[in-house]
Amino acid sequence: MMASIGEFDPLNTRVPATKIEVTVSCRSLLDVDTFSKSDPVVVLYLQAVGTKEWREFGRTEVIDNTRNPDFVRKFVLDFFFEEKQNLRFDVYNVDSRSCNISKHDFLGQTFCTLGEIIGSTGGRLERTLSGIPGKKCGAIILSAEELSNCRDIATMQLCANKLDKKDFFGKSDPFLVFYRSNEDGTFTICHKTEVIKNTLNPVWQSFTIPVRALCNGDYDRTVKVDVYDWDRDGSHDFIGEFTTSYRELSRGQNQFNVYEVLNPKKKGKKKKYINSGTVTLLSFKVESEYTFVDFIRGGTQLNFTVAIDFTASNGNPSQPTSLHYMNPYQMNAYAMALKAVGEIIQDYDSDKLFPAYGFGAKLPPDGKISHAFPLSGDSDNPNCVGIEGVLEAYFQSLRTVQLYGPTNFAPVINKVANCASEITDGSQYFVLLMITDGVISDMVQTKEAVVNAASLPLSIIIVGVGPAEFDAMEELDGDEVRVSSRGRLAERDIVQFVPFRDYVDRSGNQILSMARLAKDVLAEIPDQLLSFMKSRGIEPRPALSSSPLPQLHQHI
């Protein structure tokens, strides 16, 4: 118990993702009942990442006698931008009381990702149903909406009175630890206050916490608070505990928000024990913050650009030892990194056109060295169609250019930064993925490029492949120390670096390796997008409305 307090790292605890409510309608379903229309139900399955196995998540209600149902029961899903969340919707006609879905008539199915629904115009995706050979199965309409209580941020301040004295020479050094309760009755730490030295009547500074971190959107869920006396060696002494809920706290300062701090051990031993002090809520306020989903629904597009390292240190592409080796049976690390990140981002990019560049090669016909050549071979149009198009252009370039050097990053960063500088109204956000095998040759210029780009709607992901030492890359990843150039600090942290080898699955499962990589490199993008919008005072536009359902099919 003690260790978990000391190890709590507020930056790395996984706050429950935002919750998305998915509403389902169908149009022109097949008629399978002889005397009446079908009685449809929709079953949602989620796919597990490693095993690829589909598990039933839930079902809508059954609506009798219609081919155009608008279901009332919704699916509420946790949304993680950095994961590819595969969904399968199966439609059935219910013709008996059996709970076993296979006993009913199958009317069709569709597959999509949660990102595709959110990334569609107005968060509304229409798909044709398939699965019955030779028959038109009709359509399914999926709408996604973020649950409103996910975006609230609570600010509160607490104080305590007459806490138990725990230190031999002085008073206590108290601090509070907050836990949210989980569905299974366990508790997860979600906030720790600062320590106030040598007092039994501390007043802690006010602090801010996302409401979903405190209660995962359930206002009546128990919030447990432990009171500790801080000790230098980490063996903090337990003073006592109390429980409350978000709903109680949100009532603000009143007589009900004064809590007795109780120590169960003392309570059991001492008959005259009353409490170990009290904690009082001094103030409480709640504000709404815009979320990543708000911007995507308002039409912000993610523009994805790829840059690939074509330096000679990768090895000859025709040799199996090369990092660029084109093995007919499995993807190399460059292709895996590109596909892992690209397949998730493409859901948020409506035109699916991705500029792709190479750097560090000699180009035909005259052997000129380039650090930002289009893989498409067309300098006027660097776009590739879809992630598959990027992969194709990458493999084609390997056959035509000569791997050379040095490893210069700045030209590509500046090229994408120029595009980003033309659209700073929040309608576009650029993500540059750079995949490299080695140490940067132009670190001074690269730092300058990153500092300049930090004020633009741009994030840079660098994936290191192969066995090289990537220590210098950590300098660019501003997690510990913000990047600086000529005395100027980067306005925001926009670079995320990871070595691919840290994510390779030991059993050789490429899908798992790719999922792990994407999860880590993309996790910071939503916050980086929000930090840009906030710094420029940009608010999301109202959700784009997609065309309403045709009146003709409206089923009341």
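Start with a cluster: Phe310, Tyr334, Phe373, Tyr394 and Phe395 are joined to one another through ring pairs. Keep in mind that what you see is a predicted model.

How many aromatic pairs does the structure hold? The count is 22. One of them is formed by Phe81 and Phe292, with 4.9 Å between the centres and 70° between the planes. Planes over 60 degrees apart count as edge-to-face, so that is the label for Phe81 and Phe292.

Where do these two residues sit in the chain? Phe81 is in the loop between β4 (75-79) and β5 (86-93), while Phe292 belongs to helix α6, residues 292-297. They are 211 residues apart, and the pair links distant parts of the chain. Phe81 and Phe292 are both buried.

Tyr348 lies in the loop between α7 (333-345) and β18 (353-359), and Phe81 in the loop between β4 and β5, so the pair ties together parts 267 residues apart in sequence. Tyr348 is buried, as is Phe81.

Last, charges over rings. Which residue lies over the face of Tyr45? That is Arg88, at 4.0 Å from the ring centre. Phe187 has Lys224 over its face, at 5.4 Å from the ring centre.

That is the end of my part.

Technical notes:
Residues are numbered from 1 along each chain as its sequence is written. This is a predicted model: local features need pLDDT of at least 70, side-chain atom pairs count only at pLDDT 80 or more; totals for chains, interfaces and linings use all residues. Side-chain values use heavy atoms; hydrogens and water are left out. Rings of Phe, Tyr and Trp (its six-membered ring) pair if their centres lie within 6.5 Å; planes under 30 degrees apart count as stacked, over 60 as edge-to-face and the rest as tilted. Helices (H or I, at least four residues) and strands (E, at least two) are DSSP runs, numbered from the N terminus. Buried means under 20% relative accessible area, exposed over 50%, partly exposed in between (1.4 Å probe, protein chains only). A charge sits over a ring if NZ of Lys or CZ of Arg is within 6 Å of the ring centre and within 35 degrees of the ring normal.
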